[in-house]
Amino acid sequence: MEMHSGNGYLKIWVTTAGRSLPVKGVPVQVLTRDGRLLYSLKTGDGGLTSTVELEAPAASESRKPDPGSKPYATYIIRVDADGFRPVTDADVSIFEGITAIQPVELIPLSTSGSFMPGPPPQIIIPTPIPDTQANIPPFDPPRTDDTTQPRYRPEEDDEVDV
């Protein structure tokens, strides 16, 4: 693993049902890129873990870009809760001096252990408002007393649809 000169911070936010329900008491692991366990955490109220400190490159490295390096460190998080599909995120980025909040959405398993199907996707087709014409600008015919509007006068050889 690379040596880092700074520290960043990480919280994990575990939810389900389209991020609308936090999940309490979920075990969460934070690992190095080579798989070494750094932290074992549990989510509390609101589905959040406590904040952990992780090594990260110095912020000054992002000010002088080097194509061969990156100004952040990456870690792996694993979330494995009973009744939910396990989740592993292998690219959690940590920057020096920044607290990252990593969202994890859990997908419930059915009672047989297979994935529960989600609701069918909704397709919304807008209906036109009655008695309107879309994308046609309002047209005000020229008034007879208005001399600023040009008048169109057909020539004899102009084709006119009637």
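Strands are DSSP runs of E with at least two residues, and helices are runs of H or I with at least four residues, both numbered from the N terminus. By this assignment, D89 belongs to strand β7, which covers residues 87-94. The structure is a predicted model, in which local features need pLDDT of at least 70, side-chain atom pairs count only at pLDDT 80 or more, and totals for chains, interfaces and linings use all residues. Residues are numbered from 1 along each chain as its sequence is written, and side-chain values use heavy atoms, with hydrogens and water left out.

D89 is partly exposed at 23% relative accessibility; buried means under 20% relative accessible area, exposed over 50%, and partly exposed in between, with a 1.4 Å probe and protein chains only. Leaving aside residues up to four places away in sequence, D89 is in contact (heavy atoms within 4.5 Å) with Y75, I76, I77 and Q102. The side chains of D89 and Q102 are joined by a polar contact of 3.0 Å. A polar contact is a pair of N or O atoms within 3.5 Å; within protein, one must be able to donate a hydrogen and the other to accept it, and residues adjacent in sequence count only if both atoms are side-chain atoms. A polar atom of the D89 side chain also lies 3.2 Å from the backbone nitrogen of D91.

Most residues other than glycine have a negative phi. The loop between β1 (6-16) and β2 (21-22) contains A17, and R19 is also placed in the loop between β1 and β2.

| Residue | Phi | Relative accessibility |
|---|---|---|
| A17 | near 55 degrees | 42%, partly exposed |
| R19 | about 65 degrees | 44%, partly exposed |
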